[in-house]
Structures are given as structure tokens and as C-alpha cells.
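Keep the structure in view as you read.

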Amino acid sequence: MNNQGIGTRCVQAGYTPGNGEPRQVPIIQSTTFKYDTSEDMGKLFDLEASGYFYTRLQNPTNDHVAAKIAALEGGSAAMLTSSGQAANFFALFNICECGSHIVASSSIYGGTFNLIAVTMAKMGIEVTFVSPDADEDELNAAFKDNTRAMFGETIANPALTVLDIEKFAKVAHAHGVPLVVDNTFPTPVNCRPIEWGADIVTHSTTKYMDGHGAAVGGAIVDAGKFDWMAHADKFPGLTQPDESYHGIVYAEKFGKEGAFITKCTSQLMRDFGCIQSPQNAFILNLGLESLHVRMPKHVENGLAVARFLEGHKKVVKVNYPGLESDKYHELAKKYLPNGGCGVVSFELEGGRAAAESFMKKLKIAAIETHVADARTCCLNPATSTHRQLTDEQLEAAGIPAGLIRISCGLEDSADLIADIAQALE
Ligand SMILES: *Cc1c(COP(=O)(O)O)cnc(C)c1O
């Protein structure tokens, strides 16, 4: 399947029905699964056989859709989570514990910033934030003996900085830790971080993958390339016996390709239960079937709106990596040759107050805490998603108080531009 084009994978990967079976991925709406003997079921509990016993850990509908996402990203294994937040938490907590340290780009989604800086800190996991623009020496200096992961976003929400994935991967690997990349905004249609050295890829499938604002969800993909055994002392959870499964060693039993996702499912899903409902996985799969058709239109609308805003006298600054004038244009040409996404951010003359009055006048673009669906929407991060950040943190994250984020949907670009033009008048 990985030799096929991205469009064929969007439509076909992950589920191949047998003779007379349903053409569409079936929704297995069942909490539990029946076995003939306790012995059969016992093998599942010992991880001696693969199969299903309880939907808090695994469900066949989810696994079909996760297999599609693994194929899209070029990974060896994947799992669905209840949200993007759960995906990023699981991806990091699967290899970090009390006393660990993470190096993360400061230019990331507000929810992820909070998760790492506040909630994971309460679990005894420290973080050092680095600028996405930091050079190799600065990145190296952020690492400590107890660093267990490096984290960044391909295109940051909402700052729209582009991550130099190769540079981050090189530094992470020099310190014997994996690079985790949140690839929500470009989706694997526009960038596949594993091809540039990322080890673990995460998604809020709530965004373009679903694409219709219908189902909250997340996904974790393992490249299957990181050699846990070569850094065994750093990752005891993968390289030492798991007493809760009769002493199995994940990295030995499941290899580089399977260890990460198997451990994440059998420990974190078992204990936290943040699984995506099979209904939502089904809806997500409908979105994935047209992802390769929708992304180019989001990019086309994003670029058209960015170009219009750039030429308007009331607009101070436009962030859109597809614009030649953008600070991240060179990185975008390398990592996002077909464009990035439909999200554009910009600053109006007059700051926060001007942003609020502009947004009120929009007729097509609605004010929503959302991005990346078929309908255009907008938001002022400083008064919504990033409310809990101080002005200094906002500045470090590249989000001035007056910034407006507009997520261009799938409408006609001429109508979007006309709407923005009348609101700017
Ligand atoms: C929305 C988002 C998240 C969080 O995802 P949810 O599905 O809302 O939990 C994480 N990362 C990025 C880049 C996002 O845009």
C-alpha cells in the first residue's frame, strides 16, 4: 500500500473487505468481544495473541482507520485517541515519567503548551522550550541527561511557523531521543514528517482529517525506526520487563516497528482509556477518503486570502508560509512543496479592539474555537485559546494580542475575499 499514491491510500488503505463483507468500514458498536474459552481470552491479556476483548483498549473500527493513517504517514503502526490532546499526552507519556525532561518548540498549540508546561509539570516532567528558529548549538544546549523526547509542530497552530524537521531530528538523535512531530495542519497529504526524520507523528484528527467539524479525535503514528534498545537506559518502559504483563519487554517482543504503539495501547489506553469511539472513527474515515481532494482547495483559498490581506492598507502583517514575503517561505518550499494548509493569521492596525470589531462584521467566516473544517471560521487567540498565557508567553509563542487566525474553508475564494473586504471597510 505504501507504494501507492497518497490519494489511493486516502481512499483505500486500512480496510480490505473479504468476499461478501461490507464495502464500508463497519462500525463495531460493541464494548466487548466473546470467546469460547477463558484460555483464548487469557492469551490476549498476556499479549500472546492479538485480538479484541474490551473497547476501552482497542476496537476493530478504530484499528482499520488507524492503519489508514499509518499508511498515509508511512509509519509502521498507529492508534486512535479520543482527542488530539490525548494523542500528544500519550505520545510523550509513553516514554517520559516523573523525573524526565522534554525539549519542545515554544511555537505550538496553546492546549499542548498548557499540557506540557502545567499539567505534565505536576507529574514531575520538566520542559525546556526552544525557539523553532534556534540553531543547532542552541538546540543542543537545551538537552539534559534526563531528556527523553523532543517535540514540535510541522506548521504551528496558530503562529504558522514551519518546523525545520531535519534539523530537529538531527539534534534529537544526537542525544539518543526521538522527535515527536504534531502534523495536524499540513496532514500527510502535504507533509510526511517521517520522511524527514521524525520518529513519532501525532494528529488532532478533529481538524482537516475529519474536515467537517463533526468528530473530536486524535492519532499517534510510529515510524518504527527508533532503536529503543540502543538507548535502553533512557527508555526502561520499553526495554525493561513490564510486571503488569508478566514481565514482557516491549522492544524485544514487538521490535522497533511495534513496541511503541503496543505499549501505548496496553498500558496507557488500559489505564487512562482515552479511546476514540468507533462512531467517531467511522466519521473520521469518511473525512480521510476525500482528504487529498480537500487539502489543495484549502491551500488555494488560504493563499488567495493571504495575498488579499497582504495588499490591504489596514493590515499590518500577514503570516502564511505560502507567501513569498513570509519568514518561513524557504522552509515551506522544502517541507510543503504543495502548500501547507488553509489557515492564515494576520494583525490589523489597532490591535485587539480592531480585531474584535472586524470579526463581528464578518458574514461568511464565523467566530469559532475551531480550525480546519469545510466552513471558514476565525478567532482571536489571545482572548480565547491562548487566554491563559501571559503577554511574554504570547510573544514567545509568536502570537501578538491583536492576531486574528482565519481558517479558510472550502467556499469560493472570491466570496471569502469579498466578506473580508466588507468587514475591513
Ligand atoms: C487542535 C489541536 C490539538 C488538540 O487537538 P484536540 O482534538 O482539540 O484535542 C493539538 N495540536 C494541534 C496542532 C491542534 O491544532
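Start with a right-handed β-α-β unit, built from S2, helix H5 (residues 110–122) and S3. This is a predicted model. Its two strands, S2 (residues 101–105) and S3 (residues 126–130), pair in the parallel sense over 5 bridges. Ser105 stands opposite Val130 in S3.

Now look at the helix of this unit. H5 has 13 residues. From its first C-alpha to its last, H5 reaches 17 Å, close to the 18 Å expected at 1.5 Å a residue. H5 also carries a kink of about 30°, centred on Ile116. Just after H5 comes Gly124, with a positive phi of about 85°.

Which residues of H5 are buried? They are Gly110, Thr112, Phe113, Leu115, Ile116 and Met120. An α-helix has 3.6 residues a turn, so residues three or four places apart point the same way. The buried residues of H5 pack against both strands of the unit, S2 and S3. They also pack against strand S4 (147–153), helix H4 (84–93) and helix H16 (391–396).

Step back to the whole chain. The protein chain comes to 17 helices and 12 strands. Its radius of gyration is 22 Å, close to the 22 Å that the globule rule gives for 425 residues, so the chain is as compact as a globular protein of that length. The C-alpha trace spans about 70 × 55 × 35 Å along its principal axes. Buried residues make up 55% of the 425 residues. Among contacts between residues at least 6 apart in sequence, 73% join residues at least 24 apart.

How values were computed: Residues numbered from 1 in each chain as written. Predicted model: local features only at pLDDT ≥ 70, side-chain atom pairs only at ≥ 80, totals over all residues. Heavy atoms only, no water. Pairing = 2+ DSSP bridges. Helix = DSSP H or I, 4+ residues; strand = E, 2+ residues; numbered from the N terminus. Right-handed = clockwise from strand over helix to strand, strands pointing away. Expected span 1.5 Å × (residues − 1). Bend = angle between axes of the 7 residues up to and from the residue. Buried < 20%, exposed > 50% of the residue type's maximum accessible area, 1.4 Å probe, protein only. Contact = heavy atoms within 4.5 Å. Rg over C-alpha atoms; globule rule 2.2 N^0.38 Å.
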